[in-house]
Amino acid sequence: MIYSKLDQFSSNFLWGTASAAYQVEGAHDTDGKGPSIWDTYTRIPGTTFKNTNGDVAVDHYNQYQTDVALMAEMGLKAYRFSIAWTRIYPKGRGEINEAGLTFYEQLIDTLLANEIEPIITLYHWDLPQHLQDLYGGWESREVIKDFNNYCITLFERFGSKVKYWVSLNEQNIFVSLGYLTGMHPPAVKDKQRMLNANHIASLANATVIQSFRKYVPNGSIGPSFAYSPAYPFSCAPEDVLAAENAEDLNSNWWLDIYCSGRYPKFALKYYEKEGITLATEPGDFELLKAARPNFIGINYYQTSTIQSNGLDGVGESNKMNTTGKKGSSKESGIPGVYKNVSNTFLETTNWDWTIDPTGLRVGLRRLTSRYDLPILITENGLGEFDKLESDNTIKDDYRIAYLNAHIKACKEAITDGVDLLGYCTWSFTDLLSWLNGYQKRYGFVYVDRDEQDVKELKRIRKNSYYWYKDMIASNGETI
């Protein structure tokens with residue numbers, strides 16, 4: 001649909017931004033914090049770009065007041081951040097670490113004092129190392145109780161102050177890279193173990209949503225899913241069918257469970273033929289069906305383009321571009337099911353991610369039609385090389401163009417009928433980009449550090465900072 005005029009964003013639209021504890025906080029062993037699996041994993045040589053880690057990150061733990069002041073100056077309406085489980089329970093269970101709760105309470109209070117809505121992510125990949133050692137982390141149903149207990153602690157402490165909560169961040173990513181490709185901790189390569197860990201994570205998500213209803217009855221909660229809508233490479237029926245396969249296996253497998261309490265039948269049949277069966281127990285699906293979220297959180301960066309793949313075709317690849325050397329990613333797929341191919345209609349970033357704002361609109365439309373739930377865009381952003389000029393400016397006009405086009409797509413989706421709660425960019429400051437080190441920058445605020453040198457961690461506003469400030473002030477009318 002092409003419109004002559006687009007609907008306006010609502011007056012209470014959440015113009016936001018986002019981060020994750022491990023990527024920004026630093027202070028990895030400060031004030032009683034225990035080690036997470038990422039603290040351990042990044043100690044293994046060769047796992048990350050130039051062996052970078054989050055020991056210091058961008059020091060948000062010590063500089064949060066400066067960062068929030070910059071947010072307030074921007075006019076930000078919402079800030080999504082994660083809580084580090086091991087700051088609250090250093091071993092994932094046992095005694096509460098009051099210093100951890102105090103830090104987050106101070107952060108929340110500072111945000112609220114500046115009229116910024118806090119959005120808490122309960123889990124953003126940093127599982128306590130003790131629980132990984134004790135019983136295998138997400139591979140044991142014991143984690144459900146421990147995760148629920150940790151979340152209830154947060155609901156009781158912050159439930160009266162925080163309305164919006166994200167349960168699990170990108171479950172599809174942390175189980176796939178952690179248990180299938182082995183590129184994230186715990187570095188397992190086993191599809192059966194991956195699917196069982198994923199099922200347990202889904203049960204943990206549902207359990208926490210049920211607890212949330214009790215402790216924060218007036219709040220809203222939902223998982224955050226990394227969504228890459230699938231396009232067929234061509235209108236050839238075999239490519240269209242392959243795209244359907246990819247959508248079921250890579251998206252609906254998670255989203256159907258979150259929103260409908262069931263797995264897609266094709267995907268179940270596929271895994272059955274692969275000799276893989278889920279370790280389910282009585283009551284699992286009743287719990288999953290009863291835990292329909294208040295909203296769907298979507299982390300959107302790119303679409304995927306899918307082509308038919310023969311039985312002797314391309315298989316899974318763990319060759320991910322973590323250096324910023326354009327074109328270094330490799331094709332991957334599942335023989336007989338689908339393969340990912342490049343889209344000649346789209347440009348890509350230096351990390352080989354397709355730039356497709358229309359794909360965001362397509363995805364929002366699909367999710368609305370399939371699940372009929374409000375949607376919160378919990379992440380969207382551009383990771384690129386940013387240059388600090390001699391006059392202390394960062395001219396990131398490419399980021400402005402990227403975000404502007406995606407915000408326009410949001411406005412078009414609202415005009416299409418999508419119930420969109422808000423839009424959180426990734427990210428506010430530059431941060432540690434997991435395997436990619438510090439050179440892949442996403443922020444509105446440049447943090448002066450690199451892989452080898454922490455420097456003074458000076459905060460410098462980029463051109464995009466002022467652009468987003470104007471966008472918020474106009475409530476999206478400056479597109």
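A residue is called buried when its relative accessible area is under 20%, exposed when the value is over 50%, and partly exposed in between, using a 1.4 Å probe and protein chains only. The structure described here is a predicted model, in which local features need pLDDT of at least 70, side-chain atom pairs count only at pLDDT 80 or more, and totals for chains, interfaces and linings use all residues. Residues are numbered from 1 along each chain as its sequence is written, and side-chain values use heavy atoms, with hydrogens and water left out.

Helices (H or I, at least four residues) and strands (E, at least two) are DSSP runs, numbered from the N terminus. Helix α8, residues 171-179, is mostly covered, with eight of its nine residues buried. These are Gln171, Asn172, Phe174, Val175, Ser176, Leu177, Gly178 and Tyr179. Contact means heavy atoms within 4.5 Å. The buried residues of α8 pack against several elements, including strands β3 (117-123), β4 (164-169) and β5 (220-226), as well as helix α10.

## Strand β4 and its partners

Strand β4 is largely enclosed by the rest of the structure, because six of its six residues are buried. Two strands pair if DSSP finds at least two bridges between them. Strand β4 pairs with β3 in the parallel sense over four bridges, and four bridges also join β4 to β5, again running parallel.

Trp165 illustrates both pairings. In β4, Trp165 stands opposite Ile120, and Trp165 also stands opposite Ile221 in β5.

## Packing of helices α10 and α11

Two packed helices are described by the angle between their axes and the distance between the axes. Axes are lines fitted to C-alpha atoms, for helices over the stretch in contact, and angles run from 0 to 180 degrees between N-to-C directions. Helix α10 (residues 237-260) and helix α11 (residues 265-273) pack at about 100°, and their axes are 9 Å apart. The two helices are therefore roughly perpendicular, a term for angles of 65 to 115 degrees, whereas those under 35 count as roughly parallel, those over 145 as roughly antiparallel and the rest as oblique.

From α10, the contact involves Asn245, Asp248, Leu249 and Trp253, and from α11 Phe266, Ala267, Leu268, Tyr270 and Tyr271.

## The surroundings of Arg43

Arg43 lies in the loop between α2 (37-41) and α3 (60-74). Arg43 is partly exposed, with a relative accessible area of 43%. Leaving aside its neighbours within four places in sequence, Arg43 is in contact with His28, Asn53 and Asp55. The C-alpha atoms of Arg43 and Asn53 are separated by 7.7 Å, and these residues are ten apart along the chain.
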